[in-house]
Amino acid sequence: MAIERTLSIIKPDATARNVTGKIIAKLEGAGLRVVAQKRARWSEAEAQKFYEVHKERPFYNDLVAFMTSGPIVLQVLEGASAVAKNREVMGATNPADAAPGTIRAEFAENIERNSVHGSDSPDNAATEIALCFDASEIVG
Ligand code: ADP
Ligand code: MG
């Protein structure tokens, strides 16, 4: 299995409830290594750019408002098949469908306030990592 990197975001619903450490423990427990991490508060423009792929979706404006409503924690995760592994430990987008033990099953409030973002392909991971981190901030 190839060693990959993926972008992870701990969302404002989770920072508000002070569960970033519990979420990071889940990621590390799945074998993912945090090789970059920073806390940030996105501007509207930053959130709009990050979620540009969803701009035609009905939930886009609400999603941008949510993602700018409080602090987030941006991370680069590294490990074997990191993109798929992270999606597995995150669980389904809607916590009602998320498998027991996944981050979203345990922490998400609803389909929007679902605690974490994870890249959905290696190509998108590379794009999202480059958007959020300078190369010098990633230390594997
Ligand atoms: P995922 O984060 O699982 O990759 P998507 O890329 O489809 O899911 O959606 C991006 C984010 O938009 C979701 O994580 C969630 O916060 C929000 N979202 C997705 N679908 C809905 C929806 N039907 N209603 C409200 N918010 C949604
Ligand atoms: Mg997605």
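Me: Is N114 buried or exposed?
Reply: This is a predicted model in which local features need pLDDT of at least 70, side-chain atom pairs count only at pLDDT 80 or more, and totals for chains, interfaces and linings use all residues. Residues are numbered from 1 along each chain as its sequence is written, chains are lettered from A and ligands numbered from 1 in the order in which they are written, and side-chain values use heavy atoms, with hydrogens and water left out. Buried means under 20% relative accessible area, exposed over 50% and partly exposed in between (1.4 Å probe, protein chains only). The relative accessible area of N114 is 2%, so N114 is buried.

Me: With the side chain of which residue does the side chain of N114 make a polar contact?
Reply: A polar contact is a pair of N or O atoms within 3.5 Å; within protein, one must be able to donate a hydrogen and the other to accept it, and residues adjacent in sequence count only if both atoms are side-chain atoms. At 2.8 Å, the partner of the N114 side chain is that of K11.

Me: Are the rings of W42 and F50 stacked or tilted?
Reply: Rings of Phe, Tyr and Trp (its six-membered ring) pair if their centres lie within 6.5 Å; planes under 30 degrees apart count as stacked, over 60 as edge-to-face and the rest as tilted. The structure holds two aromatic pairs. In the pair of W42 and F50, the centres are 5.1 Å apart and the planes stand at 40°, so the arrangement is tilted.

Me: Which residues form one aromatic cluster?
Reply: F50 also forms an edge-to-face pair with Y51, at 5.0 Å centre to centre and 85° between the planes. The cluster consists of W42, F50 and Y51.
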